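User: I would like to learn how to read pockets and sheets in a structure. Could we work through one together?
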Amino acid sequence: MAYQSTNPYNGEILKSYGDIDDAELESKLTAAQACFEQVWRHKSFAERKAVLSRAAALMRERTQAFAELITIEMGKLIAQSEGEVKLSAAILDYYAEHAESFLAPEKLAAKGDAVVESSPIGVLFGVEPWNYPYYQIARFAAPNLMAGNVVMVKHASNVPQCALAFERLLEEAGAPVGAYTNLFISKDQVAQVIDDDRIRAVALTGSEGAGAVVAQRAGKNLKKSTLELGGSDAFIVLDDADLDSAVKHAVSGRMGNSGQACTASKRFIVVEALADRFLEKFQTALQGFEAGDPMDRQTTLAPLSSVQALETLLGQVDEAVAHGARIVMGGQRIEGQRGAFMQPTILTDIEAANPTYKQEFFGPVALFFRVPDEAAAVALANDSPFGLGGSVFTQDLERGKRVARQIDTGMVFINSAAVSMPDLPFGGVKNSGYGRELSSAGIQEFVNKKLIRVA
Ligand code: NAP
């Protein structure tokens, strides 16, 4: 079956769903277009707000049930799943509350009576990943529904129960049929949907490969796209950093979601003066992680989302070592567990010629680099095809901001690992994609900035 829930902790297949056929896809596209034209675009902000606020409230009321679905489908620790549910509800509320002011008509100081209004553009198509099964779709759906667009979502094939739960949530909150549509479709059908005249724009969050395929298709059809892709975020520790705080954030930045986050801290770049002490403390902290059932609150290390994800990561570690990298700790699968557990791992001595130097490690594998000074740290941070996020640790905040300005990414966090909140813009540059989600910026991507001028 194309869409399948498999519990990554024990390999148990929970549910399977087939792709819908072309006739069903056509009827869903028709319903979405009708909903946009006849219903949703005509609703007031207050009417749309009522639906999204209700959805947020329902999500909060049922945090546990929503969270358990995440954990059984992609393996996240239950407490982190609960955090994701609350963040997703906060995103729904945020746009419910602020959309009207973000999209308020802008009166121009031109001669005559000129105003720029933001109108919806129609049916949008989102292709979304499994690593934060509700947060990713909330980021796409909430601003766009509030803007008056309707959305269709192809979620990742390993989180179908989360995909359906989110669709049912909006339905129950009062969204009309066609406002939010989940699509269990094949990759060929993804191309078909992008080609369809009723689809006005496309958003993808996922890998570079999928981004290139989807954006190329959208471009061929002269449709706008946004891409939120991978990252290999630098975590820079300068000579005046608070070492204990830096280590604490290094651990959460690398180990959160078992390392499967686009904005996870992946490359630890530490100036010589602190390098040995940082490495020792980081290693000690990573040794404390205990693999177990992610549903059990005592567990600190969750499995990766699938055996395939584990094999990819182990393959990267082997490749790194074959080209001269050294394993400081870990580097192996955790034996004695049925799930896809990876040992917390630190690699060092990764030279620029190592093919893995520019790769994203999507799991609990930290790449450790020591550099002589700040300038070398910045140069190394920027020597990456990616440009998503990054962190700088220093007790001199002005210095931190100066360094942050030199880093070629969409986000830089001073004295913390990356965080995501509804009011912080999220997105990258270079191979990490283009466009922004969240904040006031996230609602501006798919609206028509229409000039109306009276002579
Ligand atoms: P992925 O394979 O690219 O999958 C993401 C989505 O794209 C899934 O729905 C997938 O469907 C679909 N897809 C994949 N190939 C496709 C194709 N050729 N045509 C149409 N759709 C296609 O990504 P992943 O490896 O699961 O997820 C991890 C990646 O996403 C990492 O690189 C991570 O950094 C990135 N990510 C970025 C952000 C961000 O905001 N920048 C956030 C989270 C994750 P199937 O599941 O059916 O294959």
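User: Which classes do the residues of the lining of the largest pocket divide into?

Analyst: This is a predicted model. The lining of the largest pocket divides into 20 nonpolar, 15 polar and eight charged residues.

User: How is such a space found, and how much of it lies in the largest pocket here?

Analyst: The general idea is that rolling a probe the size of a water molecule over the atoms shows where empty space is left. In this structure, the largest pocket holds about 1,200 Å³ of space. It is lined by 43 residues, and the closest to its centre are Pro 129, Trp 130, Gly 206, Ser 207 and Ala 210.

User: Which helices and strands supply at least two residues of that lining?

Analyst: Helix 7 (187-195), helix 8 (208-220), helix 11 (307-322) and strand 8 (199-205) each do. Helix 8 gives the largest share, six residues. By domain, at least three lining residues come from each of domain 1 (3-229 + 432-454) and domain 2 (233-421).

User: What about the second largest pocket: how much space lies there?

Analyst: About 720 Å³. Of its 30 lining residues, Tyr 132, Ser 252, Gly 256, Asn 257 and Ala 418 are the closest to the centre. Helix 4 (78-102), helix 5 (135-147) and helix 9 (243-255) each supply at least two residues of this lining. By class, the lining of the second largest pocket has 16 nonpolar, 12 polar and two charged residues. Domain 1 and domain 2 each contribute at least three residues to the lining of the second largest pocket.

User: Now the sheet. In what order do the six strands lie?

Analyst: In general, strands of a sheet pair through backbone hydrogen bonds, either parallel or antiparallel. Here six strands form an open sheet with mixed pairing, in the order 7-6-5-8-9-19. Strand 7 (180-182) and strand 19 (433-434) are the edge strands, each pairing on one side only.

User: How many bridges join strand 8 to strand 9, and do the two run parallel or antiparallel?

Analyst: Five bridges join them, and strand 8 and strand 9 (residues 224-228) run parallel.

User: Which strands does helix 1 lie across?

Analyst: Helix 1 (residues 22-39) lies across strand 5 (123-127), strand 6 (150-154), strand 7 and strand 8. The angle between helix 1 and strand 6 is about 155°.

User: And which strands does helix 5 lie across?

Analyst: Helix 5 lies across strand 5, strand 6, strand 7, strand 8 and strand 9, and runs at about 165° to strand 6. Helix 5 also supplies at least two residues of the lining of the second largest pocket.

Notes:
Residues numbered from 1 in each chain as written. Predicted model: local features only at pLDDT ≥ 70, side-chain atom pairs only at ≥ 80, totals over all residues. Heavy atoms only, no water. 1 Å grid on protein atoms, 1.4 Å probe; cavity = no way out; pocket = protein on both sides within 12 Å on 5 of 7 lines; lining within 4 Å. Points joined across faces, edges and corners; volume = space filled by probe spheres on them. Helix = DSSP H or I, 4+ residues; strand = E, 2+ residues; numbered from the N terminus. Nonpolar A, V, L, I, M, F, W, Y, C, P; charged D, E, K, R; others polar. Domains from an automatic or database assignment. Pairing = 2+ DSSP bridges. Contact = heavy atoms within 4.5 Å. Axes fitted to C-alpha atoms, helices over the stretch in contact; angles between N-to-C directions.
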